[in-house]
Amino acid sequence: ASREELLKSYIKQFLPEKYKVGRGIVIDSDEHQSRQQDFIVYDAFNSPAALLMDSLQVLPIESIYCTIEVKSTLNKTELSKCVENIKSVRTLKPCVIHNLPIQPAVTNKTFGFVFAYTSDTSIESLLDNFYELNKNVDLNSQISMICILDKGLILRTYKSNIGQICITPKPNTILGFCKNSIETNFYLFYLLLMNALNNMVNLPPDLMTYAQKLGALNIQTIYPNQYMSEDGTYTIGDFSFDGVFIKHYPE
């Protein structure tokens with residue numbers, strides 16, 4: 001826990017103000033929720049504040065930029081937990097407000113990172129374990145990158161351009177690793193994290209859809225006859241009526 005807090009406090013110093021760091025669970029409008037997430041980077045400007053408590057937060061998937069699994073010592077057992085925890089977030093379905101004049105092709109793609117201080121096995125063995133654990137996991141739900149501070153990074157590169165790092169798991173990428181000093185490993189982890197955040201477009205959650213799907217808007221509204229105009233067309237359920245009919249129909 002202390003190492004987790006140490007990483008959080010350090011990363012927070014170098015994040016722009018539009019990002020906040022928290023912990024808790026992530027939900028979507030279909031009432032699905034993630035496992036407990038101990039390190040979440042989310043939208044500080046557009047995330048609903050109703051459930052942002054200090055000890056535990058409930059955050060909509062639309063507001064999440066990435067989650068980071070922090071481990072003191074990474075091995076196959078801990079890596080398996082990371083795979084499942086990150087999958088529980090990345091399988092959630094965003095429901096966003098489409099309010100931009102030009103809609104981006106890709107929005108609200110949450111990333112999942114693993115940061116470990118050390119490992120009781122080699123990075124080559126961890127890569128083999130990672131490959132095996134992901135055989136039945138959809139690419140869109142997989143871990144984006146792994147950093148083992150005293151060993152190196154497990155990451156992806158494009159098949160068509162070996163060496164160009166790709167944070168997003170894609171069919172046209174392959175897995176590999178790099179070994180560096182502790183300082184270089186942390187610096188590279190930070191750079192790739194910031195690069196991922198800066199390339200993301202997160203549209204705000206459609207809170208009305210959340211409320212409707214959860215049954216929170218089962219309300220009756222009254223529109224008095226006296227305020228209806230005769231030149232309008234009104235749709236009630238599956239039927240449409242002109243304003244003249246509505247205006248002269250008994251209230």
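**Close-up 1. A salt bridge between R23 and D38.** In this predicted model, the side chains of R23 and D38 form a salt bridge with an N to O distance of 3.6 Å, the term requiring a side-chain nitrogen of Lys or Arg within 4 Å of a carboxyl oxygen of Asp or Glu. R23 belongs to strand β1 and D38 to strand β2 (residues 37–43), so the pair ties together parts that are 15 residues apart in sequence. Helices (H or I, at least four residues) and strands (E, at least two) are DSSP runs, numbered from the N terminus. R23 is partly exposed, its relative accessible area being 29%, and D38 counts as partly exposed at 28%. Here, buried denotes under 20% relative accessible area, exposed over 50%, and partly exposed the range in between (1.4 Å probe, protein chains only). By the salt-bridge rule, the count comes to nine salt bridges.

Residues are numbered from 1 along each chain as its sequence is written, and side-chain values use heavy atoms, with hydrogens and water left out. Because the model is predicted, local features need pLDDT of at least 70 and side-chain atom pairs count only at pLDDT 80 or more, whereas totals for chains, interfaces and linings use all residues.

Close-up 2. K8 counts as buried at 7% relative accessibility, and E4 counts as buried at 14%. A network of salt bridges links E4, E5 and K8.

**Close-up 3. The salt bridge of E132 and K135.** The side chains of E132 and K135 meet at 3.4 Å, N to O. E132 is partly exposed, with a relative accessible area of 43%, whereas K135 counts as exposed at 51%.

**Close-up 4. The aromatic pair Y19 and Y65.** Rings of Phe, Tyr and Trp (its six-membered ring) pair if their centres lie within 6.5 Å; planes under 30 degrees apart count as stacked, over 60 as edge-to-face and the rest as tilted. By this rule the count comes to eleven aromatic pairs. The ring centres of Y19 and Y65 are 4.9 Å apart and the planes stand at 85 degrees, so the pair is edge-to-face. Distant parts of the chain are linked by this pair: Y19 is in strand β1 (residues 19–27) and Y65 in strand β4 (residues 64–74), 46 residues apart. Both Y19 and Y65 are buried.

**Close-up 5. The aromatic pair F115 and F186 within a ring cluster.** The rings of F115 and F186 have centres 6.1 Å apart and planes at 90 degrees, so this pair is edge-to-face. The pair links distant parts of the chain, with F115 in strand β5 (residues 111–119) and F186 in helix α4 (residues 182–198), 71 residues apart. F115 and F186 are buried. Ring pairs link Y10, F14, F111, F113, F115, Y117, F186, F189 and Y190 into a cluster. The charged end of R3 sits over the ring of Y117, 5.0 Å from its centre.

How values were computed
Lys NZ or Arg CZ within 6 Å of the ring centre and 35° of its normal.
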